[in-house]
Amino acid sequence: MASDAALPYLQAIVFLITVAILAFSLSLRRRKRNLPPGPAGWPLIGCLLQCGSQVPLKFHEWSRKYGNVMSLQLGSQLVIVLSSYDVIKEAFVKNSNIFSSRPKSYAVARVTKEKGINTPWVKWKHTHKFISKTFREFGLGKQIMAERVRTEGDILVEYIDSRSNTPINLKHVFANAVSNITCSMLFGKRFDYEDPDFKLLLQMSNQNVVTMMQASVLTFFPFLWYLPTQVKRNFITAQSELVSYMKQKIIERREQFTGEEPENIIDAFFLEDKEAEWDDDKIIELVHTVKGIFIAGTDSTAATLLWAILYLVLHQEIQDRCYSEIVKAIGYERHPEIADRASLPYVDATGTAGFSSFRERGCESVWVPHP
Ligand code: HEM
């Protein structure tokens with residue numbers, strides 16, 4: 001009978017799968033011998049299920065048990081987690097030449113063609129240096145940047161005030177304000193919060209972050225890339241929509257730029273490579289860099305501000321004390337400035353304590369690994 005004939009094949013397949021799983025688990029165990037301690041995972045999926053939805057909190061819990069350098073398997077990826085100031089400094093400051101690059105995520109590399117912040121470090125370090133230098137030239141740490149932040153802060157407060165009787169999602173409002181600062185550096189202008197073009201940019205940027213997080217599964221199981229999954233489709237769509245948007249903005253700017261004094265960071269890139277032919281490939285490279293800066297700057301800073309607001313709301317007495325100190329030292333007529341820091345010790349300490357708490361809470365997603 002046909003079913004009897006198929007039995008030996010079925011047994012052989014089950015046998016082969018069992019052997020493959022055992023071999024995989026054994027190879028993991030063998031690899032683990034030379035690795036820092038860490039939680040044991042399941043065959044094939046590793047610790048993915050144990051991570052739960054709050055990955056930073058789980059990592060924190062594990063690091064208390066296994067130490068500040070721990071290893072764990074996430075699908076096909078072996079991950080080393082560093083959890084203290086000292087070990088992070090040791091790796092990324094003292095041994096930056098070894099640890100600065102990023103591991104090649106199959107899905108991200110396919111979509112970004114390894115451009116922007118996913119460029120291999122040997123090439124990216126020049127861009128990284130150039131970005132840091134250009135950011136300083138365009139105001140980072142200078143009076144002009146403080147002025148921009150103050151102006152945006154006023155607009156933000158006015159916007160929230162004007163909606164005082166309606167519920168408001170602060171996440172979106174902070175994203176508006178924060179990305180406007182980045183936009184003023186990148187594109188040389190801020191946008192009105194209701195500007196449809198700006199709304200589209202923020203919506204695409206948010207979609208980029210969401211789909212990128214979901215696409216982590218493609219990093220942990222690269223073979224999924226070859227299946228027609230919704231995750232892959234969403235990831236590719238979100239990436240290509242934002243790339244097209246940025247590309248159009250950069251081409252428009254390229255046409256306007258006189259080649260003289262740079263007015264924004266995009267101009268600075270044009271000027272830096274003024275001899276180069278700005279063909280499609282070169283423009284796309286800049287698109288991915290600009291996209292990386294925009295997304296990296298928006299989500300992280302908006303999340304930091306949201307945490308700060310939450311802490312102040314939950315600790316009214318601290319909020320009151322900060323307020324009184326500001327009123328006493330500065331009054332109502334002007335904004336606090338960096339130069340006032342020395343006369344605002346309680347506000348300063350509150351900020352520092354808030355930042356310290358990010359060690360436990362995390363304000364940046366777990367998605368910028370190093371090899
Ligand atoms: C409180 C705010 C912020 C936090 C907590 C934060 C956090 C981080 C972290 C953890 C990384 C990964 C570093 C690494 O892998 O070595 C990173 C990278 C990066 N951030 Fe931020 N960031 C913030 C604000 C910003 C802003 C305002 C910008 C720009 C407008 C920005 C642009 C970048 C860029 C371009 C990278 C990639 C650097 C590279 O790969 O060379 N970040 N940030």
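Let's start with helix H10, residues 196-214: its 19 residues reach 27 Å from the first C-alpha to the last, close to the 27 Å expected at 1.5 Å a residue. That expected span is 1.5 Å times one less than the number of residues. Helices here are DSSP runs of H or I with at least four residues, strands are runs of E with at least two, and both are numbered from the N terminus.

Leu201, Ser205, Asn208 and Met212 are the buried residues to look at in H10. They sit on the same side of H10 because they cover an arc of only 50° around the axis, the arc being that of the directions from the helix axis to the C-beta atoms. An α-helix has 3.6 residues a turn, so residues three or four places apart point the same way. "Buried" means 20 or more other C-beta atoms within 10 Å of a residue's own, "exposed" means 12 or fewer, and "partly exposed" is in between, with C-beta atoms placed from the backbone. Among what covers the buried residues of H10 are helix H12 (230-256) and helix H14 (280-314).

## What you're looking at

This is a predicted model, where local features need pLDDT of at least 70 and side-chain atom pairs count only at pLDDT 80 or more, while totals for chains, interfaces and linings use all residues. Residues are numbered from 1 along each chain as its sequence is written.

The chain has 16 helices and 2 strands. Of its 371 residues, 19% count as buried. Take the contacts with a separation of 6 or more: 65% of them are between residues 24 or more positions apart. A contact means that two C-beta atoms, placed from the backbone, lie within 7 Å.

## The cores

The largest nonpolar core holds 33 residues, and Leu186, Ile266 and Val290 have the most contacts inside it. Such a core is a set of buried Ala, Val, Leu, Ile, Met, Phe, Trp, Tyr and Cys residues joined through C-beta atoms within 7 Å. At least two residues of this core come from each of helix H6 (106-112), helix H9 (170-186), H12, helix H13 (265-272) and H14. H9 gives the largest share, 8 residues. Setting aside neighbours within four places in sequence, Ile266 touches Leu186, Phe187, Ile250, Arg253 and Val290.

Apart from this core lies another one, of 5 residues, including Trp62, Leu72, Val81 and Leu82.

## The hairpin

Strands S1 (residues 69-74) and S2 (residues 77-82) run antiparallel and are joined by 6 bridges; for strands to pair, DSSP has to find at least two bridges between them. Leu72 stands opposite Val79 in S2. The two strands make a hairpin with 2 residues between them, and Gly75 in the turn has a positive phi of about 60°.

## A few single residues

Thr219 belongs to helix H11 (residues 216-220). Is Thr219 buried or exposed? Thr219 is buried, because 23 other C-beta atoms lie within 10 Å. Beyond neighbours within four places in sequence, Thr219 is in contact with Gln77, Ser105, Tyr106 and Ala107. Thr219 and Val108 are 111 residues apart in sequence, yet 8.0 Å apart in space, C-alpha to C-alpha.

Leu44 isn't a glycine, but its phi is positive, at about 70°. Leu44 lies in the loop between helix H1 (2-32) and helix H2 (48-51), and counts as partly exposed because it has 15 C-beta neighbours inside 10 Å. Glu114, also not a glycine, has a positive phi near 55°. Glu114 is in the loop between H6 and helix H7 (121-137).
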